[in-house]
Structures are given as C-alpha cells and as structure tokens.
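Dear colleague,

I am sending you the structure we spoke about, together with an account of what was found in it. Please keep the model open while you read.

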Amino acid sequence: MLQADITAIPFTDETFDAVICNHVLEHIPDDRRALAELQRVLKRNGWASIQVPIEGKLTREDPSIRGAEGRTFHYGQADHVRQYGRDFLLRLSDGGFSTWTISKEKLLPPALLNRVSVECEKEVWICFRQR
C-alpha cells in the first residue's frame, strides 16, 4: 500500500496498464496537474476509470472558498474544492484523454448495480491516453 500525492505520482513514465481514480479529483486543488500525472504514468495503450460526482452542466469552483462551511454550502461536502458539471468530459479531453462513456445499467444487472453503485453519476468514463 502506498499513499502519494496525485499531483506528483512517485512512479516513472508509462508504468501502469490501468488506473482507477474514483472520487478523488473533487478533493484536489490542482486537478489539471493530477490529470497530467495520471496521463504520464499510464502506458500508451493503457486506460483509466476516472469518476467524479457530476451535478449540472458546468463545473463550479472558486479557490477563495476555503472553509468547511463554505465548501459544504457550495460543493456539498466540506473537503470538496469544486463541483464538477457535465463539462468534466472536456476537462478530461484537455488533460489528454479520449473517453468512452458507458451507462452503468449496461455494465451490471440491476440488483448488483444497486449494491455497488455510487449514486452521484449514472455513467462510467473509461479514459484512454491520447498523447
């Protein structure tokens, strides 16, 4: 087990065939740097599952909102630094990923989906390295 800073991942370039980054980026002030690091450590034919909570069309973020009360009010959780919107896919593209969007209902039978699902998004994004 290794705990590391996602904006400075301590592995060499093109180390991993796959990366899972679920519900992390909404906690990271420099999420674009984190995406660049995920891109860097992913092998050329690698893939990543990158999930964030989505609400609305546009991402809302304001670095001047620092306290737990303000973050809870604006982003729904004290340790979130933004609330992603549907434009998150553009952020992934800007980060060098091409993305497949897959409806969760197509991945698992309904009973199993209810047991394992995170309720804040209805899709899974599988991201492929473009660069």
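Phe 128 is in contact with Gly 46, Trp 47, Gly 96, Phe 97, Ser 98 and Trp 100, once its neighbours within four places in sequence are left aside. Please bear in mind that this is a predicted model. Phe 128 belongs to strand β6, and it is partly exposed because its relative accessible area is 22%, while buried means under 20%.

In β6, 5 of the 7 residues are buried, so the strand is largely enclosed by the rest of the structure.

The sheet

In which order do the strands of the open sheet stand? The order is β1-β2-β6-β5, which makes a sheet of 4 strands with mixed pairing. The edges are taken by β1 and β5 (97-103); each has a single partner strand, so one side of each is left without a neighbour in the sheet. From one strand to the next, the twist averages 20°.

Is Ser 49 buried or exposed? It counts as buried, because its relative accessibility is 10% and the limit for buried is under 20%. Residues up to four places away in sequence not counted, Ser 49 touches Val 19, Ile 20, Cys 21 and Asn 22, and also Val 124, Trp 125 and Ile 126.

The helix across the sheet

Helix α1 lies across β1, β2, β5 and β6, and it runs at about 140° to β2. Its buried residues are Asp 31, Ala 34, Leu 35, Glu 37, Leu 38, Gln 39 and Val 41. In general, an α-helix has 3.6 residues a turn, so residues three or four places apart point the same way.

One of the buried residues of α1 deserves a separate look, namely Glu 37. Glu 37 counts as buried because its relative accessibility is 3%. Apart from its neighbours within four places in sequence, Glu 37 is in contact with Ile 6, Thr 7, Ala 8 and Ile 9.

The largest pocket

Rolling a probe the size of a water molecule over the atoms shows where empty space is left. The largest pocket in this model has a volume of about 340 Å³. It is lined by 16 residues, of which Ile 6, Ile 9, Val 19, Ile 20 and Leu 38 are the closest to its centre. Which elements each supply at least two residues of the lining? They are β1 (16-22) and α1 (31-41). The largest contribution comes from β1, which gives 6 residues. Sorted by class, the lining has 13 nonpolar, 2 polar and 1 charged residues.

Glu 14 lies in the segment before β1, and its phi is near 55°, a positive value in a residue other than glycine. Glu 14 is partly exposed, with a relative accessible area of 31%. His 23 lies in the loop between β1 and α1. The phi of His 23 is near 60°, again a positive value in a residue other than glycine. At a relative accessibility of 22%, His 23 also counts as partly exposed.

With kind regards

Definitions and conventions
Residues are numbered from 1 along each chain as its sequence is written. This is a predicted model: local features need pLDDT of at least 70, side-chain atom pairs count only at pLDDT 80 or more; totals for chains, interfaces and linings use all residues. Side-chain values use heavy atoms; hydrogens and water are left out. Buried means under 20% relative accessible area, exposed over 50%, partly exposed in between (1.4 Å probe, protein chains only). Contact means heavy atoms within 4.5 Å. On a 1 Å grid over the protein atoms alone, a cavity is a set of points where a 1.4 Å probe fits but cannot get out, and a pocket is an open set with protein on both sides within 12 Å along at least five of seven lines; lining residues have an atom within 4 Å of a point. Grid points are joined across faces, edges and corners, and a volume is the space filled by probe spheres set on the points. Ala, Val, Leu, Ile, Met, Phe, Trp, Tyr, Cys and Pro count as nonpolar, Asp, Glu, Lys and Arg as charged, and the others, Gly among them, as polar. Two strands pair if DSSP finds at least two bridges between them. Axes are lines fitted to C-alpha atoms, for helices over the stretch in contact, and angles run from 0 to 180 degrees between N-to-C directions.
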